[in-house]
Each structure stands twice: as C-alpha cells, then as structure tokens.
Amino acid sequence: MQVSIYQGAFPPSAADAAIVIDVIRAFTVAHYAFLQGAERIYLAETVEQAFHMQKENKDYLLAGEVKGEAIEGFDLENSPYQITRRDLHGKTLIQKTTNGVRAALNSLASGHVFVTGFTNARKTVHYIQENLASDLETVNIIASHPTGDDDLACAEYMKSLFEQDASITSGQVRDRIIRSEAAEKFLDASNITFRCEDISYCINELDTNFVMKINKARKIPMIERVYL
Ligand SMILES: O=C(O)[C@H](CS(=O)(=O)O)OP(=O)(O)O
Ligand SMILES: [Mg+2]
C-alpha cells in the first residue's frame, strides 16, 4: 500500500482511499457530535447552501464557522467545547468550515473517504487496516490546513501507524498541535473570540467504537459512523 501525505484543501490526485484530517477543529467537532448522539453530518459547500438545507428540513442544525468565527443564524459554532454541552441525540447536522469541510468535498474522487481529527486517528488507521487494506493500493492522507502543523503532525502519525515505523509518537503529535499556528489564537488569553478549551478537546485520543466515513451516494455528501 502506497501512503502519501498532501497538505491543503486541494489534493492533487485521487486514491483508493482518502483520509481528510482537520484537528483544529472541524473533524474533532464531528467526532464529538457523534459522541453526543448526532446521526449524520452533511457537508455544505457554502453558508447559503447550509441555510437552504435547513429551510427544507427545519430540524437540521447548522454548525460551522467563517474565518474561525461563529456564523450569525447558525445553531452551533465550530467548537468541540460547545458541542460537548449539547444533547444531539437523533440530530442531523450540516457542517460548513474553512479547511476540513472544503478538503473533504475536494476529495470525493477517491474511492473511500474518511475524515478524522487526532481524537480518532488511530482508530481510523486500524479500521482501514482490518477491513480494507487488501483492496487498497493507494491511500492519500490530506492534512487540510494549508500551512498549520496540527493536521500535518496527525497525518505523519497516521502514516507511521500504517507503516508501523514508530517514527512519531502520540505525545509528539500533541505537542505539535499545541504549538501549531492554528492553535495560536485559541491560546491567546487576550483573544476572547476563541476558547482555549477547544484545544484540549483536539489533543486527546479517544477510545471510540466507530470511524467517520463519507457517504458519497447522497446528493449532498454526509459523514456517517461506521462501527469497528
Ligand atoms: O474554525 C476553525 O478551527 C478553522 C478555521 S480557522 O483556521 O480557525 O480560521 O476551520 P476548520 O475547517 O475547522 O479548520
Ligand atoms: Mg483546521
């Protein structure tokens, strides 16, 4: 199996499987949303599309950000801290974010498409190794932030798990996430728009029994849980 890492929202090629990483914060948010009971998460290309979908389906909840900030009229921010304080049982979310959602939508030409933050990175590798590996010649790992080291560190970690070379530890990934450019504004106490708690949710691996896979058969792609 050839495992390649790309950085940014525009992967140059398709693969048998793609794993799109957004540690800070889109797919950490998605992971916690499922843990809070969400059933599915649609991926919206634009804020307008998200509002249109909610107009047609009044129960859907809008989650996301523009330039990291809350969107007026959305139900949820792009904040794992906030998500963990909501009961989302049975809910459908529509997610719109700058890097993670954009990169996922640009990866749909790959055969299987998974999304993850650091919280579910190890489980995602194990799921692919156990269930798909014999059918996969190429795997693209897409670190969705164009320059931030948070997603790149997680991508290197996942590649090292696939290749079993122990070249990077989970502790090293955690340190790189905390020191990344993307984390800066959250850890700046004078910047009250961003919560430092969000970073705490992004740096710990969780022992969950599912991975997050994109269902491409729907008109609007959506993330679903696939159980281990
Ligand atoms: O909200 C986020 O964490 C980012 C936007 S920014 O990098 O903070 O401007 O979006 P995401 O798609 O979750 O990386
Ligand atoms: Mg990000």
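How many aromatic pairs does the structure hold? I will come to that in a moment, but please keep in mind that this is a predicted model, in which local features need pLDDT of at least 70, side-chain atom pairs count only at pLDDT 80 or more, and totals for chains, interfaces and linings use all residues. Residues are numbered from 1 along each chain as its sequence is written, chains are lettered from A and ligands numbered from 1 in the order in which they are written, and side-chain values use heavy atoms, with hydrogens and water left out.

The structure holds nine aromatic pairs, where rings of Phe, Tyr and Trp (its six-membered ring) pair if their centres lie within 6.5 Å, and planes under 30 degrees apart count as stacked, over 60 as edge-to-face and the rest as tilted. In one of them, F210 and Y227 have ring centres 6.4 Å apart and planes at 70°, so this pair is edge-to-face. It links distant parts of the chain, since F210 belongs to strand β8 (residues 210-215) and Y227, 17 residues apart from it, to strand β9 (residues 222-227); strands (E, at least two residues) and helices (H or I, at least four) are DSSP runs, numbered from the N terminus.

Let us turn to ligand 1. Of the 13 residues around ligand 1, those that come nearest are D22, R25, T97, N99 and K185, and a residue counts as near if one of its heavy atoms lies within 4 Å. Oxygen atoms of the ligand make polar contacts, meaning pairs of N or O atoms within 3.5 Å: the side chain of D22 has an N or O atom at 2.8 Å, N78 has a polar side-chain atom at 2.8 Å, and K185 has one at 2.7 Å.

Finally, the backbone: a cis peptide bond, with omega of about 0°, joins I24 and R25, and R25 lies in the loop between β2 (17-21) and α1 (26-35).

Methods:
A polar contact is a pair of N or O atoms within 3.5 Å; within protein, one must be able to donate a hydrogen and the other to accept it, and residues adjacent in sequence count only if both atoms are side-chain atoms.
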